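Hi,

Here is the structure I promised to pass on. Have a look, and my notes follow below.

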Amino acid sequence: MTNSVAELDLPEPLVVTLGNLKGGVGKTTSAFFLAGYFSQVHSLRVLVIDADPLSQTGYSWYRRLTKGEVEMPFTLIAFPSRHVGDCIADNSADYDVVIVDAGGESADIFKAAIPSTDELVLLTSVSPSEVKRVPSTYRAAEEAAVDAAREIRVRVLMTKVPVTMKNGVNVSTEYRTQRAHLENADYDVFKSYVSAWKWYREAADGEVGEGAENPLLDLGEYRQVGDELVAPYRAAARLPIPPVSPARQPQEVPA
Ligand SMILES: Nc1ncnc2c1ncn2[C@@H]1O[C@H](COP(=O)(O)OP(=O)(O)O)[C@@H](O)[C@H]1O
Ligand SMILES: [Mg+2]
């Protein structure tokens with residue numbers, strides 16, 4: 001067990017499932033960047049399970065990076081099967097964090113991952129048709145969780161968010177409208193969101209060759225998303241309370 005596991009008081013391992021019964025919402029991208037977060041920020045041993053039966057984006061991305069001699073800070077295995085629960089169990093002794101990229105097309109595989117999951121992250125872009133799918137993905141998870149022995153926290157992460165900044169606030173109408181819909185429907189929505197940003201797009205699509213950089217060295221907004229993800233596990237009570245600095249006294253003004 002590393003220090004970080006103790007500091008964060010994580011389940012061993014912490015199982016994070018990324019889902020939405022729909023493709024193209026940023027599941028694979030989020031799986032990679034969150035794997036980068038846990039491995040680089042917290043020095044944890046991270047496994048990504050690519051459980052998407054149709055698209056092999058995760059697997060080929062990983063393969064391209066390792067072939068380009070980019071040292072990946074985590075391990076990826078492709079396991080697009082309804083036995084994904086066994087895959088999680090069989091690897092749980094060797095990893096601190098397991099991230100399941102549940103793909104979009106197979107409700108069966110997604111549901112099979114749920115009973116082993118601690119944190120379910122439902123991803124959606126701001127497109128109204130995608131936001132409308134969040135409840136059905138939620139219900140599928142709820143059905144699958146019936147026999148789960150653990151409590152599963154479900155949160156929604158908004159991805160590919162358009163950004164129009166005004167006085168430090170994102171005033172994009174699409175973003176604000178869809179966030180309000182989700183919150184009014186009582187979804188727990190991550191405060192941080194993932195902007196539509198070419199950095200994320202190019203991370204997976206970009207050419208990686210000799211001397212190429214590891215795109216995950218810049219975690220972008222996934223740094224905040226990761227911090228929010230682990231916030232409930234911070235063992236605050238066990239950490240020494242930082243010393244309170246004495247209040248600054250106003251200086252005497254020499255006469
Ligand atoms: N935040 C983002 N901004 C811009 N493009 C993104 C973002 N997240 C993902 N993409 C791009 O969108 C496409 C779908 O993302 P992907 O992670 O493969 O989604 P999924 O796994 O849900 O199908 C990819 O081309 C990816 O590079
Ligand atoms: Mg994918």
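To start with the ligand: how far does a backbone N or O atom of Arg201 lie from an oxygen atom of ligand 1? The distance is 3.3 Å, which falls under a polar contact as used here (a pair of N or O atoms within 3.5 Å; within protein, one must be able to donate a hydrogen and the other to accept it, and residues adjacent in sequence count only if both atoms are side-chain atoms). Taken alone, ligand 1 exposes 560 Å², and the protein buries 84% of that (accessible areas are Shrake-Rupley with a 1.4 Å probe; for residues, only the protein chains shown count as cover).

Before more detail, the housekeeping. This is a predicted model, where local features need pLDDT of at least 70 and side-chain atom pairs count only at pLDDT 80 or more, while totals for chains, interfaces and linings use all residues. Residues are numbered from 1 along each chain as its sequence is written, chains are lettered from A and ligands numbered from 1 in the order written, and side-chain values use heavy atoms, with hydrogens and water left out.

Back to ligand 1. A backbone N or O atom of Gly26 lies 3.0 Å from one of its oxygen atoms, and a polar side-chain atom of Lys160 is 3.0 Å from an oxygen atom of ligand 1. There are 15 residues around the ligand (one heavy atom within 4 Å), and Gly24, Lys27, Thr28, Thr29 and Ser195 come nearest. Helix 2 (27-41) and helix 9 (198-205) each supply at least two residues of that shell; helices (H or I, at least four residues) and strands (E, at least two) are DSSP runs, numbered from the N terminus.

The space taken by ligand 1 is the largest pocket (on a 1 Å grid over the protein atoms alone, an open set where a 1.4 Å probe fits, with protein on both sides within 12 Å along at least five of seven lines; lining residues have an atom within 4 Å of a point). A molecule sits in a pocket if more than half of its atoms lie within 2 Å of its grid points. Helix 9 gives the most to the pocket's lining, with five residues, and helix 2 and helix 3 (57-67) each supply at least two.

The Glu12 to Pro13 peptide bond is cis, with omega near -5 degrees, and Pro13 is in the loop between helix 1 (3-8) and strand 1 (14-19). Ser43 has a positive phi of about 50 degrees although it is not a glycine; Ser43 lies in the loop between helix 2 and strand 2 (46-50).

Cheers
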